[in-house]
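Here are some notes for a colleague who is opening this structure without having seen it before.

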Amino acid sequence: MASFDFVDAAAKAYEFTWKEKKYIARAAIPVIFVKLACILMVYSLGIQNRFLLNGLVNIPGYVMEAIFIIGLIRYILFKEPMFIWGKIVPPPDNDQKPLLYSDPKTRETAVKAGIGMYLLIRIILVAALGMLLDFSQMMEHPPSEPPPPTLAGAIMGLVAIWVIIWALRLVWIYIPVAMGYSFIRFLQIIKGFNSSLSIFAAWFLCYLPIVILLAGLFNLLNLITSDGSMLQIALQETLKIIGELAITMLPVITLTYGFFEILSGKKSK
């Protein structure tokens, strides 16, 4: 069963992010700017608590995010320069060799397919979460006491956890697509459950430190700004956008190294 060294992949992701921080930050600025503009539109329309409509307003931000993420994947593997404000901007002092070599004939197809797959997955997740949150708000009288636990409920819970962990591979299917691989072929390669555990562990190693850091920054922000002020709201939303982008970006870098190891059969140096 296909799996990869998730600790090694996470270490490479942190190392790559630190080494390329200036170039990555420069490429991420347009994404942050567009997503912040979408948030301002949400506040101006007064739809903060209408989560499904909120997600629709944020679609331009997801498009920018898709271009950034797919460009980042291609840069890690093929050392292709990223798009910044609609222009291809080469990185400064880049003397590293690519991990893979790209066929110019398939590059455009892989990039478009990766962006399309990313947007499809993102919109499905946002729509599902938005409908769930909107429905929960419509529940005027939730049950006062939870039902007693049963054996059948415990079994169903374990089955649900197993299905969620297995389905994690589908959330990042755009990574092999951006690499130029068929997603059907990729699913055949990682059909074992060990690959799902590796993906989950890699995601957790990236997710937990960022969440802890964001929690500390939000607490610090609440101490130095007035409660409910426009400055506090603006800084909180900006920090939230940067944090969400980091939570998306770092696991993508980690899994790019991990999927490279699975698909190529060799570790990156």
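1. Helix H1 passes helix H10 in a right-handed crossing, a crossing being right-handed if the near helix is turned clockwise from the far one by less than a right angle, and left-handed if anticlockwise. Helices here are DSSP runs of H or I with at least four residues, numbered from the N terminus. The model is a predicted one, in which local features need pLDDT of at least 70 and side-chain atom pairs count only at pLDDT 80 or more, while totals for chains, interfaces and linings use all residues. Residues are numbered from 1 along each chain as its sequence is written, and side-chain values use heavy atoms, with hydrogens and water left out.

2. The axes of H1 (residues 6-19) and H10 come within 8 Å and cross at roughly 125°, where axes are lines fitted to C-alpha atoms over the stretch in contact and angles run from 0 to 180 degrees between N-to-C directions. That angle makes H1 oblique to H10, since angles under 35 degrees count as roughly parallel, over 145 as roughly antiparallel, 65 to 115 as roughly perpendicular and the rest as oblique.

3. The largest pocket has a volume of about 1300 Å³. A pocket is an open set of points on a 1 Å grid over the protein atoms alone, where a 1.4 Å probe fits, with protein on both sides within 12 Å along at least five of seven lines, and lining residues have an atom within 4 Å of a point; the volume is the space filled by probe spheres set on the points, which are joined across faces, edges and corners. Of its 35 lining residues, the closest to the centre are Tyr-62, Arg-122, Val-126, Leu-129 and Glu-244, and the largest share of the lining, eight residues, comes from H5.

4. The second largest pocket has a volume of about 510 Å³, and of the 21 residues lining it, Thr-17, Ile-242, Leu-245, Ala-246 and Met-249 are the closest to its centre. H1, H2, H9 and H10 each give two or more residues to this lining, with the largest share, seven residues, coming from H10.
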